[in-house]
Amino acid sequence: MTGDQDSHFYNEMRELYEKNHIDFNVAFLNTGEVDMMLDMVKDNIGISLVTDSVGRAYENEEIAAIPIEPKQEILTFLAYPRKRRLSGAYLAFKNHVIDAHRK
């Protein structure tokens, strides 16, 4: 179970499997199908690569989840209308986010 076909992640996993002489059989699942995917893992049908939040949420006596990559930095952007003069709660929120980022 891996990313979209021909994505960087998919290609990396395919190469890793081929290098270790392991059959590479892929099941493409959407994030809305997490429960089904984890039921497959519990039933020993396969293993899965999941986000850290899914791994933490579902790790229990039946499923082990271990980090395999260093923590990633995710960029977050504050988007607001450039031509509109913000006021009230909108202005307060924008200023709060910008002030917190500068610290």
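Mentor: What follows takes each description in turn and sets a value against its definition, bearing in mind that this is a predicted model.

Trainee: What makes up the fold, and how many helices and strands are there in the protein?

Mentor: The protein has 4 helices and 0 strands, and reading along the sequence gives the pattern α-α-α-α.

Trainee: How do you know what the radius of gyration says about the protein as a compact globule?

Mentor: For 103 residues, a compact globule would have a radius of gyration near 13 Å, whereas the protein has 20 Å, and the C-alpha atoms fill a box of roughly 60 × 30 × 25 Å along the principal axes. As for burial, 12% of the 103 residues are buried, where buried stands for a relative accessible area under 20%.

Trainee: Why is Leu78 called partly exposed?

Mentor: Leu78 has a relative accessible area of 33%, and the term covers values between the limit for buried, under 20%, and the limit for exposed, over 50%; Leu78 is therefore partly exposed.

Trainee: Where does Leu78 lie, and what makes the nonpolar surface patch?

Mentor: Leu78 lies in the loop between helix H3 (52-58) and helix H4 (88-102), and together with Tyr80 and Phe93 it makes a nonpolar surface patch of about 300 Å².

Trainee: What is the accessible surface of the whole protein?

Mentor: It comes to about 9,300 Å², with 52% belonging to carbon and sulfur atoms.

Conventions
Residues are numbered from 1 along each chain as its sequence is written. This is a predicted model: local features need pLDDT of at least 70, side-chain atom pairs count only at pLDDT 80 or more; totals for chains, interfaces and linings use all residues. Side-chain values use heavy atoms; hydrogens and water are left out. Patches are made of residues with over 30% relative accessible area and no salt bridge: like charges are joined within 9 Å, nonpolar side chains (Val, Leu, Ile, Met, Phe, Trp, Tyr) within 5 Å. Accessible areas come from the Shrake-Rupley method with a 1.4 Å probe; for residues, only the protein chains shown count as cover. A salt bridge is a side-chain nitrogen of Lys or Arg within 4 Å of a carboxyl oxygen of Asp or Glu. Helices (H or I, at least four residues) and strands (E, at least two) are DSSP runs, numbered from the N terminus. Buried means under 20% relative accessible area, exposed over 50%, partly exposed in between (1.4 Å probe, protein chains only). The radius of gyration is taken over C-alpha atoms; the globule rule is 2.2 Å times the number of residues to the power 0.38.
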